[in-house]
Amino acid sequence: MIKVSDIAKKKVIELMNDDGFNPEIDFVRVGVKSGGCSGLSYELTFDKENKEGDKVFEDNDIKIIVDKKSFLYLVGTTLEYSGGLNGTGFVFNNPNAQRTCGCGESFSL
C-alpha cells in the first residue's frame with residue numbers, strides 16, 4: 001500500500017488537471033528504476049491505463065498504480081509534497097530505504 005498525504009493530493013490533482021488527466025479516473029504511476037547516487041531512484045508519472053501485473057491502490061481519493069517489481073521496494077511508502085526552502089517537489093517517505101541521498105531522489109536497501 002502506498003499512502004498520499006493531503007498536501008501531495010492537492011498537488012497531484014493540480015498537476016493532473018494541468019496535464020490533461022482526470023484525477024477521478026486516471027492514475028499516478030509510481031515506480032523505481034536503477035540510477036541515482038544511492039543506487040535506485042523514484043519515478044512518478046500520470047497514466048490513463050494500468051498494465052498487466054500492475055498493483056492498483058487508492059488512498060486519499062488518488063488512484064495509484066505500481067509495477068510488480070517496484071512494488072517490493074515501495075510497500076509502506078507515503079507520497080508527500082514539499083514546497084519549502086530546500087526545494088519543491090514530491091518526496092517519498094519510504095520505510096524500506098536504508099540510505100538516501102542528500103536530495104532525497106534516490107535510495108538503497
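Is leucine 40 buried or exposed? Select leucine 40 and you will find that it is buried, with a relative accessible area of 15%. Buried here means under 20% relative accessible area, exposed means over 50%, and partly exposed is in between (1.4 Å probe, protein chains only).

Before moving on, please note that this is a predicted model, in which local features need pLDDT of at least 70 and side-chain atom pairs count only at pLDDT 80 or more, while totals for chains, interfaces and linings use all residues. Residues are numbered from 1 along each chain as its sequence is written, and side-chain values use heavy atoms, with hydrogens and water left out.

**Stop 1**

Leucine 40 lies in strand 3. Helices (H or I, at least four residues) and strands (E, at least two) are DSSP runs, numbered from the N terminus.

**Stop 2: the aromatic pairs**

Rings of Phe, Tyr and Trp (its six-membered ring) pair if their centres lie within 6.5 Å; planes under 30 degrees apart count as stacked, over 60 as edge-to-face and the rest as tilted. By this rule the model has four aromatic pairs. One of them joins tyrosine 42 and phenylalanine 92, a stacked pair with 4.2 Å from centre to centre and 10 degrees between the planes. Tyrosine 42 is in strand 3 (residues 40–47) and phenylalanine 92 is in strand 7 (residues 87–93), so this pair ties together parts that are 50 residues apart in sequence. Tyrosine 42 is buried, at a relative accessible area of 12%, and phenylalanine 92 also counts as buried, at 12% relative accessibility.

Next, select tyrosine 81 and phenylalanine 90, which form an edge-to-face pair with centres 5.1 Å apart and 70 degrees between the planes. Tyrosine 81 is partly exposed, with a relative accessible area of 21%, and phenylalanine 90 is partly exposed at 22%.

**Stop 3: a charge over a ring**

Show lysine 55 together with phenylalanine 71. The charged end of lysine 55 sits over the ring of phenylalanine 71, 5.4 Å from the ring centre. A charge sits over a ring if NZ of Lys or CZ of Arg is within 6 Å of the ring centre and within 35 degrees of the ring normal.

**Stop 4: aspartate 54**

Step back to aspartate 54, in the loop between strand 3 and strand 4 (55–59). What surrounds aspartate 54, leaving aside its neighbours within four places in sequence? Aspartate 54 is then in contact (heavy atoms within 4.5 Å) with Arg29, Ile65, Val66 and Asp67. This aspartate 54 is buried, with a relative accessible area of 15%.

Its side chain makes a polar contact with the side chain of arginine 29, at 2.7 Å. A polar contact is a pair of N or O atoms within 3.5 Å; within protein, one must be able to donate a hydrogen and the other to accept it, and residues adjacent in sequence count only if both atoms are side-chain atoms. Look also at lysine 51, whose backbone nitrogen lies 2.6 Å from a polar atom of the aspartate 54 side chain.

**Stop 5: helix 1**

Select residues 6–18 to see helix 1, whose buried residues are Ala8, Lys9, Val12 and Met16. They cover an arc of only 100 degrees around the axis (taken from the directions from the helix axis to the C-beta atoms), which puts them on the same side of helix 1. On the other side, Asp6, Ile7, Lys10 and Asp18 are exposed. Just after helix 1, glycine 20 has a positive phi of about 85 degrees.

**Stop 6: two loops to finish**

In the loop between strand 4 and strand 5 (62–66), pick asparagine 60. Its phi is near 55 degrees, a positive value in a residue other than glycine, and asparagine 60 is partly exposed, at 23%. Aspartate 61 is in the loop between strand 4 and strand 5, with phi near 70 degrees, and counts as exposed at 53% relative accessibility.

Finally, go to asparagine 94, in the loop between strand 7 and strand 8 (99–100). Asparagine 94 counts as buried at 10% relative accessibility, and its side chain makes a polar contact with the side chain of threonine 77 (3.4 Å).
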